[in-house]
Amino acid sequence: MSQRYAVIFEQAEHNWAAYVPDLPGCISTGNTLEETEFNIREAVRGHLAVLREFGEPVPKPSSVAREIEVAS
């Protein structure tokens, strides 16, 4: 069974960072966007595994990320 969690990616001065709003504390970084995407996927898997191991409820995805266009 798979679930789709929203992930926010942010470019910093020298790297990328990502976090999952529905999984507080689930963050990752990488040198490139692609590396960061791989890393956050692994972080989510690990985060969910720890929750299950300790009998904690696994949060259902509830966040949605969308781009919007705004005239400048």
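Ser-28 touches Trp-16, Ala-17, Ala-18, Thr-36, Asn-39, Ile-40 and Ala-43 when residues up to four places away in sequence are not counted, a contact being a pair of heavy atoms within 4.5 Å. This is a predicted model, in which local features need pLDDT of at least 70 and side-chain atom pairs count only at pLDDT 80 or more, while totals for chains, interfaces and linings use all residues. Residues are numbered from 1 along each chain as its sequence is written, and side-chain values use heavy atoms, with hydrogens and water left out.

Ser-28 itself belongs to strand E3, residues 27-30, where helices (H or I, at least four residues) and strands (E, at least two) are DSSP runs numbered from the N terminus. With a relative accessible area of 15%, Ser-28 is buried; the term buried stands for under 20% relative accessible area, exposed for over 50%, and partly exposed for what lies in between, using a 1.4 Å probe and protein chains only.

One of the contacts of Ser-28, Ala-43, is a residue of helix H1. Ala-43 has a relative accessible area of 22% and is therefore partly exposed. Apart from residues up to four places away in sequence, Ala-43 touches Cys-26, Ile-27 and Ser-28. Between Ala-43 and Gly-25, which are 18 residues apart in sequence, the distance is 9.9 Å from C-alpha to C-alpha.

Glu-37 is also found in helix H1, and its relative accessible area of 38% makes this residue partly exposed. Although Glu-37 and Phe-9 are 28 residues apart along the chain, 8.3 Å separates their C-alpha atoms.

The segment after H1 contains Val-58, which is partly exposed, with a relative accessible area of 26%. Leaving aside neighbours within four places in sequence, Val-58 is in contact with Gln-3, Tyr-5, Leu-48, Leu-51 and Arg-52. The C-alpha atoms of Val-58 and Glu-69, by comparison, are separated by 33 Å, with the two residues eleven apart along the chain.

A pocket is found on a 1 Å grid over the protein atoms alone, as an open set of points where a 1.4 Å probe fits, with protein on both sides within 12 Å along at least five of seven lines, and its lining residues have an atom within 4 Å of a point. Helix H1, residues 33-53, gives the most to this lining, with seven residues. The largest pocket holds about 530 Å³ of space, a volume being the space filled by probe spheres set on the grid points, which are joined across faces, edges and corners.

For the protein chain as a whole, the secondary structure comes to one helix and three strands, in the order β-β-β-α from the N terminus on. The C-alpha atoms fill a box of roughly 50 × 25 × 20 Å along the principal axes, and 21% of the 72 residues count as buried. Of the contacts between residues at least 6 apart in sequence, 32% join residues at least 24 apart. The chain exposes about 5800 Å², of which carbon and sulfur atoms supply 52%.

Notes: Areas by Shrake-Rupley, 256 points an atom, 1.4 Å probe, with all protein chains shown as cover.
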